[in-house]
Amino acid sequence: MKAVYNVQGIKGLTLIETSLYKDNRGENFEGFDTKSFSNLVKQDFNLTKVFKNKRFVLDTFSKSKKSVFRGLHGDNKTWKLISCLFGEIHLTVLNPKTKKIARFKLDSSTRNQVLVPNDCVNGHYCLSDECLFSYKMTERYGGIKSQYTIKWYDPKYDFSWPFDLSKAIIS
């Protein structure tokens, strides 16, 4: 595993490149290992401070079909480790305070992960026929009332979507 820290200048936003082991039977990968993750965190001073007393407490999964957009949401306390276990997604992360945006293509062929800081919102768009999105979170989900959302068309932010979200399936 290796990491790219503070992606697009967003403090704490980290792309984690995982290692895949492939042979004639298929493939194997580690989605999360406390020791490996701890070693990655130790390489970035800011993450070391934040994760001193943090641990992941909840895994959730979201299965979507092509063109589903699961909107920009977050809270001020939860860090999320995001991956795409099946299919392909376009992940957008926004820090509403700085208005900085980062975009990632996550898929089941690379198994890369993104660590999203607590002060950011994220949303993902399913690019493949189906996708399975995974969150590993540092806080238990408190329901929709514990979250804040940002509309995908909010003019305060330069989203510049690489696809037509007006035709997306949005709740």
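Modeller: Happy to! Helices (H or I, at least four residues) and strands (E, at least two) are DSSP runs, numbered from the N terminus. This is a predicted model, where local features need pLDDT of at least 70 and side-chain atom pairs count only at pLDDT 80 or more, while totals for chains, interfaces and linings use all residues. Residues are numbered from 1 along each chain as its sequence is written, and side-chain values use heavy atoms, with hydrogens and water left out.

Ser67 is not a glycine, yet its phi is positive, at about 75 degrees.

Two strands pair if DSSP finds at least two bridges between them. Strand 6 runs antiparallel to strand 11 (residues 121–126), and 3 bridges join them. Strand 6 is also joined to strand 13 by 3 bridges, again in an antiparallel arrangement. To follow these links on screen, find His73, whose bridge partner in strand 11 is Asn122. Then find Leu72, which has Ile150 of strand 13 as its bridge partner. As background, side chains in a regular strand alternate between the two faces of the sheet.

Now stay with Asn122 in strand 11. Is Asn122 buried or exposed? Asn122 counts as buried, because its relative accessibility is 0% (buried means under 20% relative accessible area, exposed over 50%, partly exposed in between, with a 1.4 Å probe and protein chains only). Contact means heavy atoms within 4.5 Å. Leaving out residues up to four places away in sequence, Asn122 touches several residues, including Gly71, Leu72 and His73, as well as Phe133 and Tyr135. With Tyr135 there is also a polar contact between the two side chains, at 3.1 Å. A polar contact is a pair of N or O atoms within 3.5 Å; within protein, one must be able to donate a hydrogen and the other to accept it, and residues adjacent in sequence count only if both atoms are side-chain atoms.

Strand 11 covers residues 121–126, and Cys126 counts as buried because its relative accessibility is 1%.

One last stop takes us beyond strand 13 (148–150), to Ser160 in the segment after it. Ser160 has a positive phi near 45 degrees, although this residue is other than glycine.
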